Amino acid sequence: MNRPPLTLGPHVIPASLESARRGDRKALAVLLTSLQDTWYRFSLSLLHNPDLAADATQETALRFLKQLPTFRGQSELKTWSLGIALNVTRELKRQRPFTTDPDQAPAPIDPHDEPVDALDLTEQRERVRELLTHLSDRQREVVTLRFFEDLSTDETAAAMNCAAGTVKATLHQALRALRDKLDASS
């Protein structure tokens, strides 16, 4: 029997997601495969340690699978799952506060870039990564979700479990701090 997609809140839950929620292994594998790179990239940007980011990705996947039946579709699945990843990275930072090292996070290089452009891009990414380490954890989380994961303000608020106004204020403070750091280094 072919059922229509489940509609909850402002979003429609596709039939494949509904199958995954019911435990269909193939549907679960597709979901995990589609989200794991996002979780790893996000965790790496906050933890600055590839091994910890891999641990965070694995733990996020486990929690995602456990909590998937409770997903009500009030936000996008990616946003909801990044909220799980954010909680996992926060817990890892609390458990291992001295293991994050910004120098350990590799800067990805686009193979389509010209060699000179790739080098310049790597330097720019290193500079941004170094500047982000001067922000508070909350500011770094907002910047990462908003700009690196390309979430809207409302999606960022949903992932962080806070109000959109809090995201806007925190983002404003973070951008001001980044501008001050850039001005001081110029």
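1. Among contacts in the chain between residues at least 6 apart in sequence, what percentage join residues at least 24 apart? The figure is 62%, where contact means heavy atoms within 4.5 Å.

2. On provenance, this is a predicted model, in which local features need pLDDT of at least 70 and side-chain atom pairs count only at pLDDT 80 or more, while totals for chains, interfaces and linings use all residues. Residues are numbered from 1 along each chain as its sequence is written, and side-chain values use heavy atoms, with hydrogens and water left out.

3. The secondary structure of the chain comprises 8 helices and 2 strands, taken as DSSP runs numbered from the N terminus (H or I of at least four residues for helices, E of at least two for strands). Read along the sequence, these elements follow the order β-β-α-α-α-α-α-α-α-α.

4. Of the 186 residues in the chain, 38% are buried; buried means under 20% relative accessible area, exposed means over 50%, and partly exposed lies in between, with a 1.4 Å probe and protein chains only. The accessible surface of the chain comes to about 11000 Å², and carbon and sulfur atoms account for 53% of that surface; the areas come from the Shrake-Rupley method with a 1.4 Å probe, and for residues only the protein chains shown count as cover.

5. Helix H7 (residues 153-160) packs with helix H8 (residues 164-185) at an angle of about 105 degrees, and their axes are 8 Å apart. The axes are lines fitted to C-alpha atoms, for helices over the stretch in contact, and the angles run from 0 to 180 degrees between N-to-C directions. H7 and H8 are therefore roughly perpendicular to each other, given that 65 to 115 degrees counts as roughly perpendicular, under 35 as roughly parallel, over 145 as roughly antiparallel and the rest as oblique.

6. Which residues of H7 and H8 meet? On the H7 side they are Thr153, Asp154, Thr156 and Ala157, and on the H8 side they are Ala164, Val167 and Lys168. By class, this contact of H7 with H8 has 3 nonpolar, 2 polar and 2 charged residues, where Ala, Val, Leu, Ile, Met, Phe, Trp, Tyr, Cys and Pro count as nonpolar, Asp, Glu, Lys and Arg as charged, and the others, Gly among them, as polar.

7. Met160 also belongs to helix H7 and counts as buried, at 4% relative accessibility. Leaving aside residues up to four places away in sequence, Met160 touches Leu86, Arg90, Arg138, Glu141, Val142 and Leu145. Met160 and Trp80 are 80 residues apart in sequence, yet 9.3 Å apart in space, C-alpha to C-alpha.

8. The aromatic count comes to 3 pairs, on the rule that rings of Phe, Tyr and Trp (its six-membered ring) pair if their centres lie within 6.5 Å, with planes under 30 degrees apart counted as stacked, over 60 as edge-to-face and the rest as tilted. The ring centres of Phe71 and Trp80 are 5.0 Å apart and their planes stand at 50 degrees, so this pair is tilted. Phe71 is buried, at 3% relative accessibility, and Trp39, Phe64, Phe71 and Trp80 form one aromatic cluster.

9. Thr57, in helix H3 (residues 50-67), is buried with a relative accessible area of 12%.

10. His48, in the loop between helix H2 (25-47) and H3, has a phi near 60 degrees, a positive value in a residue other than glycine, and it is buried at 6% relative accessibility. Asn161, in the loop between H7 and H8, has a positive phi of about 60 degrees although it is not a glycine, but Asn161 counts as exposed, at 72% relative accessibility.
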